[in-house]
Amino acid sequence: MACSAAAASMAAVIPSTANPKAYISSKKPVSLRPLSLPSSFSGRPVVSRVPRSLPSGSSSSRRRSLVVRASELPLVGNVAPDFEAEAVFDQEFIKVKLSEYIGKKYVILFFYPLDFTFVCPTEITAFSDRYEEFQKVNTEILGVSIDSVFSHLAWVQTDRKSGGLGDLQYPLVSDVTKSISKSYGVLIPDQGIALRGLFIIDKEGVIQHSTINNLAIGRSVDETLRTLQALQYVQENPDEVCPAGWKPGEKSMKPDPKLSKEYFAAI
């Protein structure tokens with residue numbers, strides 16, 4: 001959808017490695033023109049006409065709402081669907097396999113609709129600029145869209161002031177088959193692109209948090225990091241829970257009718 005004729009016509013063969021951090025041998029960046037966006041994509045949410053479920057007695061039961069919907073249920077508490085896919089990192093083509101992080105790192109996996117759009121680069125570069133903060137808490141970041149690696153590469157090679165990404169600190173994964181987006185329940189079936197889904201996956205490979213925004217709404221790096229820190233805290237302190245807005249260093253609470261009063265008495 002976001003691929004240019006120039007990118008589609010390339011005959012390059014993408015090398016594959018088992019290590020998601022392994023690079024291809026050539027250090028020469030591929031020269032591509034920035035990919036043009038279809039004129040039909042205006043930056044406003046892509047919408048599908050689906051009925052909103054309302055009580056039968058409601059006066060609004062005949063209304064129809066313009067919304068975009070994914071087709072699957074939330075995955076929180078389940079093992080994250082594994083995948084192996086091509087990606088762009090450090091202006092090279094690599095292989096990324098989610099299961100290679102299990103037992104080693106937490107993973108922030110986020111989906112965005114399309115390369116060369118508007119809200120997307122603000123999110124992608126914001127995560128890159130804060131990458132070291134995630135590294136300090138043993139976390140990898142992976143961005144995913146349905147675009148090809150050639151489109152990803154062209155976008156990385158485009159300057160930020162021109163709507164590009166510049167160099168990123170983490171891989172951009174290509175989901176051209178849409179299988180990853182579908183397995184995480186963020187694919188918009190009739191549009192073939194993903195909602196803004198974000199998943200925090202722990203070191204055991206279990207999804208502990210998810211948030212899914214519609215196309216026009218960008219996500220918060222601050223809130224993602226705070227949620228990750230809260231998750232890590234309760235995993236390290238299984239007899240405690242984190243109240244609303246909790247940040248490292250603040251008081252937690254005991255999940256007990258009596259002991260929880262210590263928290264409420266202190267606030």
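This is a predicted model: local features need pLDDT of at least 70, side-chain atom pairs count only at pLDDT 80 or more; totals for chains, interfaces and linings use all residues.

Analyst: The buried residues are V149, F150, S151, H152, L153, A154, W155 and V156.

User: What makes up the protein chain in terms of helices and strands, and what share of its residues counts as buried?

Analyst: The protein chain holds 7 helices and 11 strands. Of its 267 residues, 45% count as buried. Among contacts with a separation of 6 or more, 68% join residues 24 or more positions apart.

User: Why is A87 called buried?

Analyst: Buried means under 20% relative accessible area. A87 has 0% relative accessibility, so it counts as buried. This residue is found in strand β3. Leaving aside neighbours within four places in sequence, A87 is in contact with E92, F93, I94, V96, V149, P171, L172, V173 and S174. The C-alpha atoms of A87 and P171 are 6.0 Å apart, while the two residues are 84 residues apart in sequence.

User: Why is V79 called exposed?

Analyst: The label exposed requires a relative accessible area over 50%. V79 has 60% and is therefore exposed. V79 is found in the loop between β2 (64-67) and β3. Beyond its neighbours within four places in sequence, V79 is in contact with G205 and V206. V79 and Q208 are 129 residues apart in sequence, and their C-alpha atoms are 9.3 Å apart in space.

User: Why is the pair of F110 and F127 called stacked?

Analyst: Two rings pair if their centres lie within 6.5 Å, and planes under 30 degrees apart count as stacked. The rings of F110 and F127 are 5.1 Å apart centre to centre, with 20° between the planes, and form a stacked pair. The pair links distant parts of the chain, with F110 in strand β5 (residues 106-111) and F127 in helix α2 (residues 119-129), 17 residues apart. Both F110 and F127 are buried.

User: What makes the pair of Y263 and F264 edge-to-face?

Analyst: The term edge-to-face applies to planes over 60 degrees apart. For Y263 and F264 the angle between the planes is 75°, at 5.5 Å centre to centre, and the pair is edge-to-face. As to accessibility, Y263 has a relative accessible area of 12% and is therefore buried. F264 has 48%, so it is partly exposed.

User: How many aromatic pairs does a search of the whole structure find, and which residues do ring pairs link into a cluster?

Analyst: The search finds 12 aromatic pairs. Ring pairs link F110, Y112, F116, F127, F134, W155 and Y170 into a cluster.

User: What makes the phi values of D90 and K178 worth noting?

Analyst: Most residues other than glycine have a negative phi. Phi of D90 is near 55°, a positive value in a residue other than glycine. Phi of K178 is near 65°, also positive in a residue other than glycine. D90 lies in the loop between β3 and β4 (92-97), and K178 in the loop between β7 (172-174) and α5. With a relative accessible area of 39%, D90 is partly exposed. K178 is likewise partly exposed, with 29%.

User: What is the volume of the largest pocket, and which elements supply its lining?

Analyst: The largest pocket has a volume of about 160 Å³. Of the 13 residues that line the largest pocket, A85, E86, S174, V176 and T177 are the closest to its centre. β3 (84-89), α4 (149-156) and α5 (179-183) each supply at least two residues of the lining, and β3 gives the most, with 3 residues. The lining divides into 6 nonpolar, 4 polar and 3 charged residues.

How values were computed
Residues are numbered from 1 along each chain as its sequence is written. Side-chain values use heavy atoms; hydrogens and water are left out. On a 1 Å grid over the protein atoms alone, a cavity is a set of points where a 1.4 Å probe fits but cannot get out, and a pocket is an open set with protein on both sides within 12 Å along at least five of seven lines; lining residues have an atom within 4 Å of a point. Grid points are joined across faces, edges and corners, and a volume is the space filled by probe spheres set on the points. Helices (H or I, at least four residues) and strands (E, at least two) are DSSP runs, numbered from the N terminus. Ala, Val, Leu, Ile, Met, Phe, Trp, Tyr, Cys and Pro count as nonpolar, Asp, Glu, Lys and Arg as charged, and the others, Gly among them, as polar. Buried means under 20% relative accessible area, exposed over 50%, partly exposed in between (1.4 Å probe, protein chains only). Rings of Phe, Tyr and Trp (its six-membered ring) pair if their centres lie within 6.5 Å; planes under 30 degrees apart count as stacked, over 60 as edge-to-face and the rest as tilted. Contact means heavy atoms within 4.5 Å.
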